[in-house]
Amino acid sequence: MLEREALSVTQVNLYIKEIMNRDLILTDLAVKGEISNFKAHSSGHMYLSLKDKTGVMRGVMFRSAAAKLDFKPENGMKVVAHGRVSVYERDGQYQLYIDHMEPEGVGDLYVAFEKLKKKLEAEGLFDPGHKLPLPRYPKKIGVVTAPTGAAIRDILNVLSRRFSYADVVLYPVLVQGENSAQSIVEAIGYFNTSGLADVLIVGRGGGSIEDLWSFNEEIVARAIYDSRIPIVSAVGHEIDFTISDFVADLRAPTPSAAAELVVPSQIELREKFQNVYRRLYAQAERGVERARARVKACAGRPAFRNPVAKLEDHRLYLDQLSRLFEKSYQNLLEQKKNDMRLLVSKLDGLSPLGTMARGYSILKDEDGRVVKQTGQVKRGDHLRVMVADGEIPVCAE
């Protein structure tokens, strides 16, 4: 019989857990492996296993850490997981408690991504003031993507359903791999020189950061920035962000969403047109009704019921005005004549001729000046005496 006191299973598990929690390596550990048995719980926690060719390790990532991931873990994905190893005492199994995880081999790409992002942002390539507005009703839509795959199918399906009046011009390019970035740059340049598009959709479907890297290349970012045509970036899924998204005039979460953004809905436009038509028609009807009411009101007036009688009334009124005018004119003329007679009478009273007619005469010298004083005349001067019916020459003695 054993002399040492037996421990419970839980006690042993807790003891092992304490040993692991004191180990400096196990409390700060990075493990690389392939994801298997992945499960995203409704609580937000993630449960998985990491495996390689000969071993398997259980792992858990709680919601607070899982929410910070910028990719979606999937079975078969190779990752590097950081965390601590400990025992879950209820099951007696150790597992990796993950606080950070990233796809294996992409660490250098993330560093390059952040470095280029900071550089271009400092140069102003992300400046909102440089971004061009999208045309409201584009006639030609350029698409820069691979000629096959879900992205082009989604874009064409949405455009044909949403706004079938626009022409779609596809410039097929490589969207990953060698020479893909240069292919995208050439496509953007082609549309800017040819004038075959009012707006561009540049993008591809989702994938790993390696798959999307063409849209993180500096030459692509500068081509988008230099474009005179508005560009909508549609790279990957909603959680994917690339340098092209920050430089583009507008970022769409998916290629389908990009197609939604560049064109209006023809159904909504048709409804708007119908609403405008109905309002105009109703307004025209109201105008016609008002005109009818005015015509009806006019038709009820006496002038319209018996226009001859109304004309005769106006004729009588005109005759009356004519008589009044003639009478007023005669009265005014007689008054002016009387005023004239009075003025003539006053003038006669003041006239020298009138004075001479009453027996007076006027004496003038040789120069025709009126003699008013004796000093104006000397002996021998020839004078003239003006009387009512003429002049009498005289000589001063």
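**A parallel sheet and its helices**

In this predicted model, strand β8, which covers residues 199-204, runs parallel to strand β9, residues 231-235, and the two are joined by five bridges. Within this pairing, Gly 203 of the chain stands opposite Ala 234 in β9.

Helix α4, residues 150-162, packs on the sheet, where it touches β6 (140-145) as well as β7 and β8, and its direction makes about 165 degrees with that of β6. The sheet as a whole is an open one of five strands with parallel pairing, and its order reads β7-β6-β8-β9-β10. Because β7 (167-172) and β10 (250-251) stand at the edges and have a single partner strand each, one side of each is left without a neighbour in the sheet.

Helix α4 also packs against a helix, α8, which is formed by residues 255-262; the angle between α4 and α8 is about 30 degrees, and their axes lie 8 Å apart. Since angles under 35 degrees count as roughly parallel, α4 and α8 are therefore roughly parallel to each other. The crossing in which α4 passes α8 is right-handed.

On the α4 side, this contact is made by Ala 151, Asp 154, Ile 155, Val 158, Leu 159, Arg 161 and Arg 162, while α8 contributes Pro 255, Ser 256, Ala 259, Glu 260 and Val 262.

Terms used:
Residues are numbered from 1 along each chain as its sequence is written. This is a predicted model: local features need pLDDT of at least 70, side-chain atom pairs count only at pLDDT 80 or more; totals for chains, interfaces and linings use all residues. Side-chain values use heavy atoms; hydrogens and water are left out. Two strands pair if DSSP finds at least two bridges between them. Helices (H or I, at least four residues) and strands (E, at least two) are DSSP runs, numbered from the N terminus. Contact means heavy atoms within 4.5 Å. Axes are lines fitted to C-alpha atoms, for helices over the stretch in contact, and angles run from 0 to 180 degrees between N-to-C directions. Angles under 35 degrees count as roughly parallel, over 145 as roughly antiparallel, 65 to 115 as roughly perpendicular and the rest as oblique. A crossing is left-handed if the near helix is turned anticlockwise from the far one by less than a right angle, and right-handed if clockwise.
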